[in-house]
Number of protein chains: 2
Amino acid sequence: MDDSQLTRMFAALADPTRRDIVTRLAVSDATVGELADPYGMSIQAVSKHIKVLADAGLVTQRKDAQRRPCHLEAEVFDLMTKWIERYRQQAQERYERLDAVLAEMRGDKHLNQQRQQGAAS
Amino acid sequence: MDDSQLTRMFAALADPTRRDIVTRLAVSDATVGELADPYGMSIQAVSKHIKVLADAGLVTQRKDAQRRPCHLEAEVFDLMTKWIERYRQQAQERYERLDAVLAEMRGDKHLNQQRQQGAAS
DNA sequence: CATGTATTCAACCAATCGGTTGACAACAAC
DNA sequence: GTTGTTGTCAACCGATTGGTTGAATACATG
């Protein structure tokens with residue numbers, strides 16, 4: 001899992017219009033023109049947004065005459081979810097560990113004495 | 001779940017330095033100075049990065065004399081994970097549905113005839 | 001109180017971003 | 001082959017971003 005890939009993914013989803021495009025592509029594939037329709041901006045602008053999503057690997061485009069129907073690549077989201085989950089869990093575990101230590105300090109004083117080496121203030 | 005909150009979260013994590021800070025804060029809380037140490041940039045720059053993470057709700061800072069120890073807010077990551085998961089699942093389901101339809105088209109021709117209205121090329 | 005330490009604020013700068021418009025490429029259809 | 005449709009490329013513009021340096025703030029300590 002490339003770091004710059006991760007950067008491109010997060011950056012791609014940091015824009016409301018692009019998140020909205022992702023939302024709509026989750027429902028069904030769509031051409032650039034179809035995607036551009038509801039927004040108050042030029043097709044070129046939307047085309048750029050799609051390019052950003054494509055460079056991030058979140059969207060692919062196939063050819064259909066002049067059309068370029070866009071498709072959401074669901075698997076790639078897994079990578080991002082995994083990245084987030086790693087640190088969420090790590091931080092969560094640490095938090096729970098701290099809770100346990102605090103509980104120990106309140107209740108099981110005798111169990112704690114072995115661990116309380118350098119932390120006395 | 002605020003849309004601009006989501007924007008700030010994704011934007012915050014779209015920077016490698018900030019992702020690294022998150023990684024390190026998942027292990028343990030740290031002051032601004034401690035966090036700044038390994039990077040080849042000024043403390044002010046790192047202070048700004050932390051502000052971005054704080055504005056996104058990913059990090060909180062408590063007061064300890066001059067120090068401002070930073071703490072990772074694990075729960076907030078859940079919101080982002082949920083956002084991602086929603087569309088990942090939706091797109092995945094659609095993909096599987098498509099697979100089923102294709103299987104139907106190969107095998108159960110008679111069931112398909114009702115659906116093949118306008119798609120003939 | 002004066003000094004040193006930890007952090008933030010403010011102004012600045014180059015690079016990137018999100019939008020614009022105009023030109024161009026690829027294809028369908030008449 | 002000309003016309004209309006769909007989409008991308010290129011140049012441009014103002015706003016934002018990620019960094020810098022210098023000054024200011026807040027606190028601990030001699």
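The largest share of the surface near DNA strand C, 5 residues, comes from H4(A); here a residue is near a strand if its C-beta atom, placed from the backbone, lies within 6 Å of it. The model is a predicted one, in which local features need pLDDT of at least 70, side-chain atom pairs count only at pLDDT 80 or more, and totals for chains, interfaces and linings use all residues. Residues are numbered from 1 along each chain as its sequence is written, while chains are lettered from A and ligands numbered from 1 in the order in which they are written.

In total, 23 residues surround DNA strand C, the closest being Ala45(A), Thr31(B), Gly33(B), Ser47(B) and Gln66(B). Two or more residues of this surface come from each of helix H4 (43–55) of chain A and helices H3 (32–36) and H4 (43–55) of chain B. Helices (H or I, at least four residues) and strands (E, at least two) are DSSP runs, numbered from the N terminus. By class, the surface near DNA strand C holds 8 nonpolar, 11 polar and 4 charged residues. In this scheme Ala, Val, Leu, Ile, Met, Phe, Trp, Tyr, Cys and Pro are nonpolar, Asp, Glu, Lys and Arg are charged, and the others, Gly among them, are polar.

Turning to DNA strand D, there are 23 residues around it, of which Thr31(A), Gly33(A), Ser47(A), Ser42(B) and Ala45(B) come nearest. H4(B) gives the most to this surface, with 5 residues, and H3 (32–36) and H4 of chain A join H4 of chain B in supplying at least two residues each. The surface near DNA strand D is made up of 8 nonpolar, 11 polar and 4 charged residues.

The protein chains also meet each other: 24 residues of chain A are in contact with 24 residues of chain B, contact being scored when C-beta atoms, placed from the backbone, lie within 7 Å. On the chain A side, helices H1 (3–13), H2 (16–27) and H5 (74–106) each give two or more residues, and H5(A) provides the largest share, 13 residues. This side comprises 15 nonpolar, 5 polar and 4 charged residues.

A rotation of 180 degrees with 0.0 Å of shift along its axis superposes chain A on chain B, with an RMSD of 0.1 Å. That is the relation of a two-fold axis. The same surface serves both copies, as 100% of the contact residues of chain A recur in chain B. Phe10(A) is the residue of chain A that comes closest to the rotation axis, at 2.6 Å (C-alpha).

Within helix H1 (residues 3–13) of chain B, Met9(B), Phe10(B), Ala12(B) and Leu13(B) are buried. They lie on the same side of H1(B) because they cover an arc of only 160 degrees around the axis, taken from the directions from the helix axis to the C-beta atoms. Asp3(B) and Ser4(B), on the other side of H1(B), are exposed. Burial requires 20 or more other C-beta atoms within 10 Å of a residue's own, exposure 12 or fewer, and partly exposed residues fall in between, with C-beta atoms placed from the backbone.

Finally, a word on confidence: chain A averages a pLDDT of 85, this being the predictor's confidence in each residue, from 0 to 100. Helix H6 (residues 109–112) of chain A has the lowest mean, 47, and H4(A) the highest, 98.

Terms used
Two residues are in contact if their C-beta atoms, placed from the backbone, lie within 7 Å. Copies are superposed by least squares on the C-alpha atoms of residues with pLDDT of at least 70 in both.
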